[in-house]
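Reader: I'd like to go through this one with you and check the labels against their cut-offs. Can we start with the rings?

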Amino acid sequence: MDMNIQKYMAFLKTVEYGSFTKAAEVLSYSQSGISRMINDLEKEWKITLLERGRAGVRLTSDGLKLLPHAQSVCTEYRKLQMQVDELNGLQAGLIRIGTFSSVATHWLPNIIREFQKDYPNIEYELLLGDYKEIEEWILTGRVDCGFLRLPTHPELQTIFLEQDELLVILPEAHPLAGCDRFPVAALCNDPFMLLEKGEKAEVSEIFDRCKISPNVHFTTWDDYAIMSMVESGLGISILPQLILRRVPYRIVAKELEVPAYRSIGLALRDQRSASIAVKRFMEYLQYR
């Protein structure tokens, strides 16, 4: 890679993360290496790009003016690399994917295994987050594509993949463990373990739609923490069916009397301008 491009990328990542150390981790450099590249740019351009402080770094007014131009150069460089990869028959490349835990656990291993049979030299960067974080990563270009609940941000292009049913999970000894379908009203009879982070997700939408107010004792975005607590008899919960495949916990999953689902899809900023590696990767989504 051209040294100036490396410096521009170091500048962009340092601004993105507000830290030389974090930028170094992402770009696989030493912290001193990132700092040196930023200093080189400042010397070459005879301006100060970043203010250094105990809380991290932030853009100066001059740095703010130059940031979009550095972004443009790096964007054009990525487009150049995409064309080179295409001409070379996709012998190398990087796919950055935003995902949540159930897709990372149950879909991505199958997709990547099949993809690697045809394109063994492609590298991957997986970022795990909640729906809002993944959406933001796609919009800002932090990842090339991401798995999300649909519908999502109107600026994103999406591909619908699957409807995932939401199931009530109970301890094995729960009085309703043998029921055919779990009554919605009974969600209020036990302490509830809520799978949610930040803004409302699918489960809270069920509560609103059914006009119920369960006794939420614990809130987390960790599916496995929820299952462990339910197994221990601390309460009940609702989880997507996808995460309940091959679970090691002694729990019972039941359909709700009023079925509920989430729609899962893959989202990109612009499918036409996606790298050739990402376009090829999308052809293997069927192997999930």
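Reader: How many aromatic pairs does the count come to?

Author: The count comes to 11 aromatic pairs, where rings of Phe, Tyr and Trp (its six-membered ring) pair if their centres lie within 6.5 Å; planes under 30 degrees apart are stacked, over 60 edge-to-face, and the rest tilted. Bear in mind that this is a predicted model: local features need pLDDT of at least 70, side-chain atom pairs count only at pLDDT 80 or more, and totals for chains, interfaces and linings use all residues. Residues are numbered from 1 along each chain as its sequence is written, and side-chain values use heavy atoms, with hydrogens and water left out.

Reader: Why is the pair of phenylalanine 115 and tyrosine 284 called edge-to-face?

Author: Their ring centres are 5.1 Å apart and their planes stand at 85°, so the pair is edge-to-face.

Reader: What makes phenylalanine 115 and tyrosine 284 a pair that ties parts together?

Author: Phenylalanine 115 belongs to helix α6 (residues 108-118) and tyrosine 284 to the segment after α10 (276-282), so the pair ties together parts that are 169 residues apart in sequence. Helices here are DSSP runs of H or I with at least four residues, strands are E runs of at least two, and numbering goes from the N terminus. Ring pairs also link Phe115, Tyr119, Tyr124, Phe281, Tyr284 and Tyr287 into a cluster.

Reader: How do you know whether phenylalanine 115 is buried or exposed?

Author: Its relative accessible area is 0%, so phenylalanine 115 is buried; the label means under 20% relative accessible area, with exposed over 50% and partly exposed in between (1.4 Å probe, protein chains only). Tyrosine 284, with 10%, is buried too.

Reader: Why are α1 and α2 called oblique?

Author: Helix α1 (residues 3-17) and helix α2 (residues 20-27) pack at about 125°, with axes 8 Å apart. Axes are lines fitted to C-alpha atoms, for helices over the stretch in contact, and angles run from 0 to 180 degrees between N-to-C directions. Under 35 degrees is roughly parallel, over 145 roughly antiparallel, 65 to 115 roughly perpendicular and the rest oblique, so α1 and α2 are oblique to each other.

Reader: Which residues of α1 and α2 meet?

Author: Met9, Ala10, Lys13, Thr14 and Tyr17 in α1 meet Phe20, Lys22, Ala23, Val26 and Leu27 in α2, where contact means heavy atoms within 4.5 Å.
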